[in-house]
Amino acid sequence: EVKVPARSRRTVFVNEVVGSGLDVALRVESDQPVVAERPMYFDYKGFAPGGHNAMGSTTPSRSWYFAEGTTRPGFETWLCLMNPQDSEATVKVHYLLGAGQGQNLTREVKVPARSRRTVFVNEVVGSGLDVALRVESDQPVVAERPMYFSYGTGSWGGGSCEMGFDP
């Protein structure tokens with residue numbers, strides 16, 4: 001439990017709460033309306049120092065869309081799924097490839113009850129591709145898409161993270 005004074009903000013260092021080296025998803029509940037976001041700071045595999053921030057979802061959904069993603073050289077794309085439900089979720093991930101880059105793929109992922117699962121998109125579709133994602137689940141889940149990169153000749157390193165679009 002965390003107390004947040006009126007008209008103020010509060011930061012929780014998740015590593016101190018749960019320990020380091022863990023994959024974590026969060027569910028925030030409050031007796032008052034609040035805004036929750038999740039900033040992360042990193043030196044991703046030594047080639048992409050930076051940070052990114054994602055707003056929390058207001059509700060889980062059975063479908064999510066992501067327009068951007070790439071597995072081109074210097075980019076790693078991930079899909080993070082959180083299942084806050086009391087039963088396992090069967091999630092179909094549709095990988096929509098760029099024009100002329102091959103056949104779209106669909107893969108099924110099981111996400112246990114009250115847990116999370118991370119999918120390394122590069123591993124699923126291969127390298128050198130542009131990829132959008134459509135996520136469909138039999139249970140309401142939350143989905144976000146982090147990307148880490150070392151981009152261009154100037155080696156711009158960093159990352160981005162987006163919540164999916166819930167139609």
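A residue counts as buried when its relative accessible area is under 20%. Keep that cut-off in mind as you meet this predicted model: Leu97 has a relative accessible area of 15%, so Leu97 is buried.

**Around Leu97**
- Leu97 belongs to strand 5.
- Leu97 and Leu133 sit 36 residues apart in sequence, yet their C-alpha atoms are 8.8 Å apart in space.
- Setting aside residues up to four places away in sequence, Leu97 touches Gly102, Gln103, Asn104, Val125, Leu129, Asp130 and Val131.

**The nonpolar cores**
- The largest nonpolar core holds 20 residues, and Leu79, Leu81, Val91, Tyr95 and Leu133 have the most contacts inside it.
- At least two residues of this core come from each of strand 3 (61–66), strand 4 (75–83), strand 5 (89–97), strand 6 (105–111), helix 2 (121–125) and strand 8 (131–151).
- A second, separate core has five residues, including Phe42, Tyr44, Ala48 and Tyr148.
- Beyond its neighbours within four places in sequence, Val91 is in contact with Leu81, Arg107, Glu108, Val109, Val111, Val135, Glu136, Ser137 and Val141.
- In soluble globular proteins, nonpolar side chains tend to be buried together.

**The second largest pocket**
- This pocket has a volume of about 160 Å³.
- Its lining is made up of Ala25, Leu26, Arg27, Met82, Asn83, Pro84, Arg114, Ser115 and Arg116.
- Strand 4 and strand 7 (115–120) are the elements that give two or more residues to that lining.
- By type, the lining residues are four nonpolar, two polar and three charged.

Terms used:
Residues are numbered from 1 along each chain as its sequence is written. This is a predicted model: local features need pLDDT of at least 70, side-chain atom pairs count only at pLDDT 80 or more; totals for chains, interfaces and linings use all residues. Side-chain values use heavy atoms; hydrogens and water are left out. A nonpolar core is a set of buried Ala, Val, Leu, Ile, Met, Phe, Trp, Tyr and Cys residues joined through side-chain atoms within 4.5 Å. Buried means under 20% relative accessible area, exposed over 50%, partly exposed in between (1.4 Å probe, protein chains only). Helices (H or I, at least four residues) and strands (E, at least two) are DSSP runs, numbered from the N terminus. Contact means heavy atoms within 4.5 Å. On a 1 Å grid over the protein atoms alone, a cavity is a set of points where a 1.4 Å probe fits but cannot get out, and a pocket is an open set with protein on both sides within 12 Å along at least five of seven lines; lining residues have an atom within 4 Å of a point. Grid points are joined across faces, edges and corners, and a volume is the space filled by probe spheres set on the points. Ala, Val, Leu, Ile, Met, Phe, Trp, Tyr, Cys and Pro count as nonpolar, Asp, Glu, Lys and Arg as charged, and the others, Gly among them, as polar.
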